[in-house]
Amino acid sequence: MEKNLVLYYSKTGSNRFLAEKIGEKLGCGVVEVKPRFNSFLYIALSTAFNRGFGVKGLDIDLNDYSRLIICSPIWFGKVLSPISDLISKHKAVISRVYFASCCGSSDDKKDEKFGYSSTHNQLKELLGEKLINFEAFPIGLVIPQDKLNDDKAMMNTRLSEDTINSSVEKRLDNFIKTL
Ligand SMILES: Cc1cc2nc3c(=O)[nH]c(=O)nc-3n(C[C@H](O)[C@H](O)[C@H](O)COP(=O)(O)O)c2cc1C
């Protein structure tokens, strides 16, 4: 039988919410990835320059899990350094990864410089065939149509119990079906 584990990093809560939702639906554990230095500046610089400062040890053994579901924001078109550090550190024992991101990039801008396609490619490079699925949950899915071009609304809106809607639920159910 498959053993699932959800791992996440989140700065402002949206990816924590996404991770907990996935964990609820799968009935599995949800574990936060903790960087050694969790300041905005460290995470931003290490993500931008691909030079992570490492992550704290996990209290669980990844060998025990056949499927990892990883949730993380995207910054500068990249997966955040705590997640790339985690992958580099544990790659040998990771079997299959399903990646989900609540990000700023919309589906129609996914191929732009900071769109989620570049993060997808980065993860393919990091994980090779171990990456089974990648799904984005653009924050625009929970923003009213007339605020979609409002940068402030984009930056201040979080995915949460108050904002989740049928578009996100549908995407989530489709993501779960791929597991
Ligand atoms: C410094 C910074 C850079 C960002 N860069 C991107 C980006 O390149 N592409 C993108 O899709 N979203 C980008 N975002 C938006 C975040 O991915 C989005 O707000 C995400 O939902 C935050 O997740 P969290 O609440 O779990 O921390 C950026 C946000 C910040 C703060």
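A residue is called buried if 20 or more other C-beta atoms lie within 10 Å of its own, exposed if 12 or fewer do, and partly exposed in between, with C-beta atoms placed from the backbone. Strand S3 (residues 67-71) has four of its five residues buried, so this strand is largely enclosed by the rest of the structure. Across the chain of 179 residues, 34% count as buried.

The structure is a predicted model, in which local features need pLDDT of at least 70 and side-chain atom pairs count only at pLDDT 80 or more, whereas totals for chains, interfaces and linings use all residues. Residues are numbered from 1 along each chain as its sequence is written.

## Overall build

Helices (H or I, at least four residues) and strands (E, at least two) are taken as DSSP runs and numbered from the N terminus. The chain holds six helices and seven strands, and its elements follow one another from the N terminus as β-α-β-α-β-β-β-α-β-α-β-α-α. The radius of gyration of the chain is 15 Å, close to the 16 Å that the globule rule gives for 179 residues, so the chain is as compact as a globular protein of that length; here the radius is taken over C-alpha atoms, and the rule is 2.2 Å times the number of residues to the power 0.38.

Along its principal axes, the C-alpha trace spans about 45 × 35 × 25 Å. Two residues are in contact if their C-beta atoms, placed from the backbone, lie within 7 Å. Among the contacts in the chain with a separation of 6 or more, 71% come from residues 24 or more positions apart.

Two strands are said to pair if DSSP finds at least two bridges between them. Five strands form an open sheet in the order S2-S1-S3-S6-S7, with parallel pairing; its edge strands are S2 (29-32) and S7 (131-136), each of which pairs on one side only. Neighbouring strands of this sheet are turned by 20° against each other on average, direction ignored.

Strand S3 is joined to the parallel strand S1 (residues 4-8) by five bridges, with Leu 5 having Leu 68 as its bridge partner in S3 and Tyr 8 standing opposite Cys 71. S3 also pairs in the parallel sense with strand S6 (residues 96-101) over five bridges, where Leu 68 has Val 97 as its partner.

## Residues around the ligand

A residue counts as near a molecule or strand if its C-beta atom, placed from the backbone, lies within 6 Å of it. There are 20 residues around the ligand, and those that come nearest are Ser 10, Asn 15, Gly 104, Ser 105 and Phe 114. Helix H1 (14-26) and strand S4 (74-75) each supply at least two residues of this shell.

By residue class, the shell divides into 10 nonpolar, eight polar and two charged residues. In this scheme Ala, Val, Leu, Ile, Met, Phe, Trp, Tyr, Cys and Pro count as nonpolar, Asp, Glu, Lys and Arg as charged, and the others, Gly among them, as polar.

## Ser 117 in helix H4

Ser 117 lies in helix H4 (residues 116-127) and counts as partly exposed, because it has 15 C-beta neighbours inside 10 Å. Leaving aside residues up to four places away in sequence, Ser 117 touches Lys 110 and Asp 111. Ser 117 and Ala 19 are 98 residues apart in sequence and 20 Å apart in space, C-alpha to C-alpha.

Methods: Axes fitted to C-alpha atoms, helices over the stretch in contact; angles between N-to-C directions.
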